[in-house]
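Let us walk through this structure. We go from charges over rings to a sheet, then to aromatic pairs.

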Amino acid sequence: YIDTDSELFEYTSNAITKKGLIQEGDGTSSSPYLISSFRELNNIREFAVFDSYYESYYIKGYFKLTENITISDDWQPIETCFKGNFNGNSKTISNISMTIKSSNNYYGLFRSTDNATFSNLNISNVTVYSGSNSGSVCIGAICGFASYSDFTGCMVKSGTMGASYNNYASSIGGLVGFSSH
C-alpha cells in the first residue's frame, strides 16, 4: 500500500523519492544539494546507495553549505563512505563533539571518504573524547580515513583532537586522521 498523501515521500510513475531531507538542489554539479541547517547536514547520511558490485553502500553527489551550522548534540559520524563533492562555501561547521565508543574505527564529520572532494570548509570547536576501550582509531575533523580524496581550502580553526586518548596505534590529524593515496 502506498499512501500518496504522505508528506515524507514524493511519488511519480516510476520512482519514490524522500522529501524534506534537503530542501534545495538535485545533487548535480550545476544544482548541488544546498545544506542550510543541522537537520540537512545530518540528513546527508540518508543519501546512501548500494553498490552491488562491491556489495557496500556509499554517498555520492554534490553538496554545498549555504549557512554556518552549529551542532548542539554529540555528533555521530556519517558512517557510509562519502564519494561525493562537498563545497563548504567558506562557511563553518562548529561544535562537532564526538565520543570514541569502539576501537578500530574512524571518527570525524564522516567516518571515511573515497575519491571525494572537499573545498572551502571551515571547522571550529571540534572535540573528540576518548572512551574506555583500547584499540586503533583514526580521528580527523572532516574524516577519520581518506582514500584518493582532495581537500582544498579547508581548515580547522579550533578544537581538541583525541582528548585523553593515548593509544600508540591511533592516527590523529586536524582535517583527516589517516590518508591513503
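Which residue lies over the face of tyrosine 107? Arginine 111 does, at 5.3 Å from the ring centre. A charge counts as over a ring if NZ of Lys or CZ of Arg is within 6 Å of the ring centre and within 35 degrees of the ring normal. Arginine 45 also has its charged end over a ring, that of tryptophan 75, 5.1 Å from the centre.

The model is predicted: local features need pLDDT of at least 70, side-chain atom pairs need 80 or more, and totals for chains, interfaces and linings use all residues. Numbering starts from 1 along each chain as its sequence is written, and side-chain values use heavy atoms, without hydrogens and water.

Tyrosine 107 has isoleucine 139 in E15 as its bridge partner. Strands here are DSSP E runs of at least two residues, numbered from the N terminus; two of them pair if DSSP finds at least two bridges between them. E11 and E15 (residues 137–139) run parallel, joined by 3 bridges. The open sheet has the order E11-E15-E20, with parallel pairing. E11 (105–107) and E20 (171–172) are the edges; each has a single partner strand, so one side of each lacks a neighbour in the sheet.

Now the rings. They pair if the centres of Phe, Tyr or Trp (six-membered ring) lie within 6.5 Å; planes under 30 degrees apart are stacked, over 60 edge-to-face, the rest tilted. The whole structure holds 15 aromatic pairs. Phenylalanine 63 and phenylalanine 82 form a tilted one, 5.8 Å between centres and 50° between planes. Phenylalanine 63 lies in E6 and phenylalanine 82 in E8, so the pair ties together parts 19 residues apart in sequence.

How values were computed: Helices (H or I, at least four residues) and strands (E, at least two) are DSSP runs, numbered from the N terminus.
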